[in-house]
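Here are a few notes to read alongside the model.

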Amino acid sequence: MGGGATRLYSTLSQTLSSTGSPLPLPPAHQPANTNLDPDFCQEQTGSPVCPPDPVELLRQCQEALRDRPPRFHRKLIHLSDGDGAPSSPIRVMQWNILAQALGEGLDSFVQCPLEALSWSRRKYLILEEILTYRPHILCLQEVDHYYDTFQPVLAGLGYSSHFCPKPWSPCLDVEGNNGPDGCALFFDQSRFELLDSVNIRLSAMRIPTNQVAVVTTLRCRTTGRCLCVAVTHLKARSGWEWLRSAQGSDLLRHLQNLVQKHAGGPAGDTNTDIPLLICGDFNAVPTEEVYRRFSTSPLGLDSAYKKLSQDGLTEPEYTTWKIRPTGECCSTLDYIWYSRDTLRVDAVLDMPTEEEIGPNRLPSFSYPSDHLSLVCDFSFKEKD
């Protein structure tokens, strides 16, 4: 255990021993920010009104971005597993959108012009990406404009959502911040009915940490099948591998308990028919212990983006590519895990090339985050 890890463990232990109880998770639903983004929302008779047409909102974003370089041309790669064509696929997007306070204040993207990091520009790029792919389920990390932008705008387009802020968000250390960042899960209400949603503060060795997850159980209105979806963001930086592994194990434990509860199965039974989707920035390369824990979990999980590789066994070369003062980082850290026995991957959005990303890497005038979005189409496998 490294020095920083030891100090964190010691500090948390002292806090717990002095309080006698676990540290509380911040309230999931804080009062909405009354300063709604004027470019997208206006206050009328006490409720936010946003453009109801996603095509019109996408056009609005593209008009605001008319002077930017071309956006990445990514293709949706359709897969054939010999199981028939999907009748009604479920589109899922996973994306660390880069918290505004961190992008401008702490992350030090030395090759990215400050103008490209401005919220007045990035918000259009982020919404354009979401509206281009129109996911039924949207899982985001580093969300620090939930209440003033994403919740009201996407609610106007028919999405319901849940948000969980980090207890000690680094955004709060940045002057002029917009509040804490956290994880947000959005779902299309025309496609899904909400059954349950919980916010989880991930623990390591039973000690609460600064990382969180949102876990939502949905019923598909098309098929009547249930689906449990989780979004998380594990601890960043080298040297914290042990903590990511512990956090991942804690999330897997929570998920097993939740699917058992909704399936009505006995404790310890992993043979439930409620499929899982787990989206996140794991801050872990595929050789890390936390990746192994998910790939070997008794919950029967697989990583959807391996489907892009020729052998079907290899993750993409990168999901994030950035340049900081410490050097260049090109890594695979983001994943969409799914229940391989109950869900089928029908399509996967490919990755932009190194040439498209450009020599200054991400973020840029073309792309608003240092992480690339992951998009997959899933369908339920037929029950035996």
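**Notes on side chains and rings**

1. In this predicted model, the side chains of H136 and R191 are joined by a polar contact of 3.4 Å. H136 itself sits in the loop that runs between helix 4 (119-133) and strand 5 (137-143).

2. Is H136 buried or exposed? With a relative accessible area of 19%, H136 is buried, because the cut-off for that word is under 20%. Leaving aside residues up to four places away in sequence, H136 touches P89, I90, R91, Y159, F186, F187, D188, R191 and F192.

3. Turning to the rings, the count of aromatic pairs comes to 17. For F294 and W337, the ring centres are 5.6 Å apart and the planes meet at 35°, so this pair is tilted. It links distant parts of the chain: F294 belongs to helix 7 (residues 289-295) and W337 to strand 15 (residues 334-339), 43 residues apart.

4. Both partners are worth a look for burial. F294 is buried, at a relative accessible area of 0%, and W337 is buried as well, at 1%. Ring pairs also connect F294 and W337 with F282, Y291 and Y335 in a cluster.

5. Finally, two charges over rings. R201 places its charged end over the ring of W168, 5.1 Å from the centre. K235 lies over the face of W240, and here the distance to the ring centre is 4.8 Å.

Note on methods. Residues numbered from 1 in each chain as written. Predicted model: local features only at pLDDT ≥ 70, side-chain atom pairs only at ≥ 80, totals over all residues. Heavy atoms only, no water. Helix = DSSP H or I, 4+ residues; strand = E, 2+ residues; numbered from the N terminus. Buried < 20%, exposed > 50% of the residue type's maximum accessible area, 1.4 Å probe, protein only. Polar contact = N/O pair within 3.5 Å; in protein donor to acceptor, adjacent residues only side chain to side chain. Contact = heavy atoms within 4.5 Å. Phe/Tyr/Trp six-rings, centres within 6.5 Å; stacked < 30°, edge-to-face > 60°. Lys NZ or Arg CZ within 6 Å of the ring centre and 35° of its normal.
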